[in-house]
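Let's take a friendly walk through a few spots in this structure. Have the sequence and the 3D view open as you read.

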There are 2 protein chains.
Amino acid sequence: MDISALREKHPEHWKKAAAIRVLTLDAVAAANSGHSGMPMGMADVATVLFEHHLKFDPKNPDWIDRDRFILSAGHGSMLLYSLLHLTGYEDMTIDQLKNFRQWGAKTAGHPEYGHAKGIETTTGPLGQGIANAVGFAIAEQIQRARYGKKVIDHYTYVIAGDGCLMEGVSQEAIGLAGKHELNKLIVLWDNNNITIDGTVDMADKTDQVKRFRASGWHVVECDGHDPEDIDRAITEAKAARRPSLVACKTHIALGSSAQDTSKGHGALTDPQLIADTRAAYGWEHGPFEIPADVKAAWEAIGAKGAAAHAEWQERFATLSQGRQAELTRIYAREVPKRLSAVVKALKKKVSEEQPKVATRKASEMALEVINPIMPETIGGSADLTGSNNTKTGDLGVFMPDNRKGRYIYYGIREHGMAAAMNGMVLHGGARAYGGTFMCFTDYARPSMRLAALMQIPTVFVMTHDSIGLGEDGPTHQPVEHLAISRATPNTWVFRPADAVETAEAWELALSSQSTPSVLALSRQGLPTVRTEHKNVNLTARGAYVLSPSEGKAQVVLIATGSEVAVALKAQAALQTEGIGTRVVSMPCMELFAAQDETYRRKVLGAGTVRIGIEAGVRQGWDQWLLGERARPAKSAFIGMEGFGASAPAGELFEKFGITAEAVAAKAKELL
Amino acid sequence: MDISALREKHPEHWKKAAAIRVLTLDAVAAANSGHSGMPMGMADVATVLFEHHLKFDPKNPDWIDRDRFILSAGHGSMLLYSLLHLTGYEDMTIDQLKNFRQWGAKTAGHPEYGHAKGIETTTGPLGQGIANAVGFAIAEQIQRARYGKKVIDHYTYVIAGDGCLMEGVSQEAIGLAGKHELNKLIVLWDNNNITIDGTVDMADKTDQVKRFRASGWHVVECDGHDPEDIDRAITEAKAARRPSLVACKTHIALGSSAQDTSKGHGALTDPQLIADTRAAYGWEHGPFEIPADVKAAWEAIGAKGAAAHAEWQERFATLSQGRQAELTRIYAREVPKRLSAVVKALKKKVSEEQPKVATRKASEMALEVINPIMPETIGGSADLTGSNNTKTGDLGVFMPDNRKGRYIYYGIREHGMAAAMNGMVLHGGARAYGGTFMCFTDYARPSMRLAALMQIPTVFVMTHDSIGLGEDGPTHQPVEHLAISRATPNTWVFRPADAVETAEAWELALSSQSTPSVLALSRQGLPTVRTEHKNVNLTARGAYVLSPSEGKAQVVLIATGSEVAVALKAQAALQTEGIGTRVVSMPCMELFAAQDETYRRKVLGAGTVRIGIEAGVRQGWDQWLLGERARPAKSAFIGMEGFGASAPAGELFEKFGITAEAVAAKAKELL
């Protein structure tokens, strides 16, 4: 690569881009770890994007109509941190860059959402950013349709690497974006032909241009080091009526001796290499030193957004008070005042009518009253709409000719759905929920974890939550998935027992500010167990005494979801024999664990036989069955010890011994 | 669809295909559940494949050189069951079909590997079969290169639906197959334009032909109901030098009133619909009744393979005795006699030299002695070869021009890798292992679960197993992933403490007949804790007393992996204060749980303070800390309570309080 020619042809551009490159080298050297090559390779593209295209205002980083910039290739985090610092984001001081990858710094190894303004999503696990971006772009389309383009009208830009494009989730994202003609989504592909193991062609010879076109994308190619060519390509992409891939031919670790090599992907910390690279760049300043003219040029780029933001504020002020209040509310993740009332009314109705419905159906009943008053909800399913019961009549279907639709047919793309939902929530003004079978938590896992890590309240609607699924068999029957979700920090796992608890779970999930929820819902019909209406949301306490014992409790049965009815039946049988039995419903272990000890003691009691009942593996239950003043020798668990089987659901519960009779027998054995 | 024209044009073919269709209708009706439309749509393609192309012998279903037939669209299981029954597989009686989806039947809702011969893999979770198939085809290539085409030379055929192709893992599979020019892999795409939610174009408008071509596939299209056209297309695909997609235009639920609709995807049980469809087919026989001429025609197809098998046996007999024995051994999943000796020798060397190495490096040391004596191992990594330490010098790299290579550069495709590894193991004669970061267990989960469900000994090498990964931060630091793997039935989760335990874990993983293994390995260097050589494989017992207490044990520390050294240091500190402390190393909870109670009691003791130490979440530990004669009030866990952070590893262990000092302090607090 003829660096001097690049420098001479576009000297002002070169200096700005070089600032990113040397800050990267300096920060990686200071940390003695990190990834140098990607920011060095993509600095030109990023500079052109920020200088000529990206709509942003560092002084108002939460401006809801800003363009979103997503670094899907998150290992190149120094690209993002450099840009935020240079353009004047207050969070991103030079000291943050000096503390790259150190304890307490905002500059984590990979960009972490919430650490600093301008980080739109957490990336690093590859493919997530590009899949999030599809959700950002859908949220933008829906809000533009609802609120008008004078207040919502922005692009979503993504920088993605070869790793992002090799991950399967990228195909799900590409397919979804192509179908929906998300024309304001622009992916800038860092086409450098290098991965950690070597050149890309050691593992892949996919023609990405043809691949994207096959899914309905507009594709434009450019020289990723020529600012005029980059500008031309981005300009063309912005004008396209379809999502665009800008294939940027670049050189990883540009200008260093590690250019175009796998070594260049990683941490370039050799002092000589760094010195030589600085010389090649014509950069004569010390580490972390940005000359005033370059910093001023970058700050001028950052300052350009102030006027656009001010104009936007004027336009925003012309909205009706109601619209302004609604936008403000939904971006604050606040719920409408009416939510509590409609949930209470539904609970009351259910307690009175006592329907026997599957909790997936109960979920639909809850959504039928919630969706009409929460315009920020965006529902969907990974091709199981009729099974997940996620679609309500008022939502409308999101399609290229119906941008107001709030229901997404995600196709058979559980992972892409989960990532897109995260993107909608991250975009702001949206609460996304989407359904699949609980067993396919496995497919969505990477994005479910990131929702928890990012502290965003995405809602995962997981129906067919046990062997109660029946004949489809063990491939479709979750047994370990409750444990998996519960093992994940900052995740609420709700397994409601009936339509009342389901409504309560939805209220909590949709009121959450910073915790994602998993709703584990039954396929099979369940009786109403909350037959006495209470205004208070009992699910909020995680567990509660559903049915006290007659007389002194000798046995405490703790159950979730479909097994609460099993516990009640066992209770009745035991009590006919004079054995006082309490039933505790535990729809959310995490919320129960967060209660004070006094409450937990009150619910669980002490000195009794204690039996946990759940059609899943035991892992996660021992804290309640062996701890919390339990008597281990007097505790038992009735659930699954291995995978399920293919047979009618009722027969499976019998064969696997998850029955009231088995519970009562176990209780008597332990007494 | 003009059914009568189809019947008239190819009457003999029609009857054979109709047999599949009516058996499907009958079985689904009997079960009152299932998926009718796919077998009805693909019966013609399957008939042509089995009649004219597939090399198989129902009387020798384990013939190692048979063509493999994989039903990736596993919900259409009645297609497979019908074919196995009709062609004369002894397992698949008519009674099995009558008991479709019932308890104890071989005919589960989705095909379950191990239930019946001819079921090559478990499918149903979409995309898995096509991704498995890539592994089948790689294993065939490697074995053909090693043993010669006179004994190994067969095709892998896949039937995949739109769901399979929408799942992201299919892209990983397609990319991998295209790169490796797996010309004996042929995917028959059931192009019926219908998914559960409606027509495919509601969620996707990908041009699959262009998509596959973009990744280097040969594509041929055909009318999926015209036997001559199907035959032409398959013949062309077999001759191609690249993997082939045969795009078969079909009608789901052909000939029924539900044809070409979403309804047709599911269970068609309406008696009138079934009667009308039978009439349209010209099928005048009762339920489950196959006329003798049709059955005879199908059995003749099945019988054709006997001659081919006999000829193959003759060719096999010309192999050297050594080669014959090796093939027999590897297909029996038996280990070479020398395995035990080389592992013992390595252990002895390590115990003597006491290196301080990361267990990922120790894993490489083990593989260096194992790979040369186990030609059935096939290694690889999802673009982290240098980090996972999975490549040994002798393996060679699998490439189109080096089919003997036993190391796969999987690219950034954790899920595709895991599925392909399962395929290799299922093919037979292969033990596959592959590496990624432990955190990306999330990406590989669907296939890891299926390995457990299928009872196959795939080995997942998961390095960088804790916050010890350091600066890359919480996106790359597993905290819940040990719990996730342990929650999964039939999975051995090894977290070795040093190079000795790592060698032992590898011996167990590679000796396993029916259980997959997860090796959780450290990034950071760890001291040798097994400083006294023992021939016996202590890891096989799951946990053992690594260091007994001086005098009576007042404290028992139980630790895994990198935290065993922490426990030993805490032990030393406590014992200088006269507090007798035992250290238990617990490299595999599952194997320990399988020991008899006497052994478990001996290891864990009773009446002491008990502390578990592991840099992960607590879930899964309570059984050891609260149960097994523990005193809950005297137990504690030192580990992670939430996600990690980005900082140097040593600092993270300090900040999160996973240190010998913290352990000793906690022990004293509890005494």
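## A threonine in a loop

Is T250(B) buried or exposed? This is a predicted model, and in it T250(B) has a relative accessible area of 1%. Since buried means under 20%, T250(B) counts as buried.

You will find T250(B) in the loop that lies between β7 (244–249) and α11 (271–281) of chain B. Its side chain and that of D190(B) are joined by a polar contact of 2.5 Å. D190(B) is also one of the residues in contact with T250(B) once neighbours within four places in sequence are set aside; the others are G41(B), M42(B), N191(B), N192(B), G224(B) and H225(B).

Next, look at helix α8 (residues 168–179) and helix α18 (residues 414–427), both of chain B: they pack with their axes 8 Å apart, at an angle of about 70 degrees. That angle makes α8(B) roughly perpendicular to α18(B).

On the α8(B) side, the contact is made by V169(B), E172(B) and L176(B), while α18(B) brings E414(B), H415(B), G416(B) and A420(B). By type, the residues of this contact are three nonpolar, two polar and two charged.

## A five-stranded sheet

Chain B also holds an open sheet of five strands with mixed pairing, in the order β16-β18-β17-β19-β20. β16 (544–547) and β20 (635–638) each have a single partner strand, so one side of each has no neighbour in the sheet. From one strand to the next, the twist averages 30 degrees.

Within chain B, strands β17 (residues 555–559) and β19 (residues 609–613) run parallel and are joined by five bridges. To see one pairing up close, find V556(B), whose bridge partner in β19(B) is R610(B).

How values were computed. Residues numbered from 1 in each chain as written. Chains lettered and ligands numbered in written order. Predicted model: local features only at pLDDT ≥ 70, side-chain atom pairs only at ≥ 80, totals over all residues. Heavy atoms only, no water. Axes fitted to C-alpha atoms, helices over the stretch in contact; angles between N-to-C directions. Helix = DSSP H or I, 4+ residues; strand = E, 2+ residues; numbered from the N terminus. Parallel < 35°, antiparallel > 145°, perpendicular 65-115°, else oblique. Contact = heavy atoms within 4.5 Å. Nonpolar A, V, L, I, M, F, W, Y, C, P; charged D, E, K, R; others polar. Buried < 20%, exposed > 50% of the residue type's maximum accessible area, 1.4 Å probe, protein only. Polar contact = N/O pair within 3.5 Å; in protein donor to acceptor, adjacent residues only side chain to side chain. Pairing = 2+ DSSP bridges.
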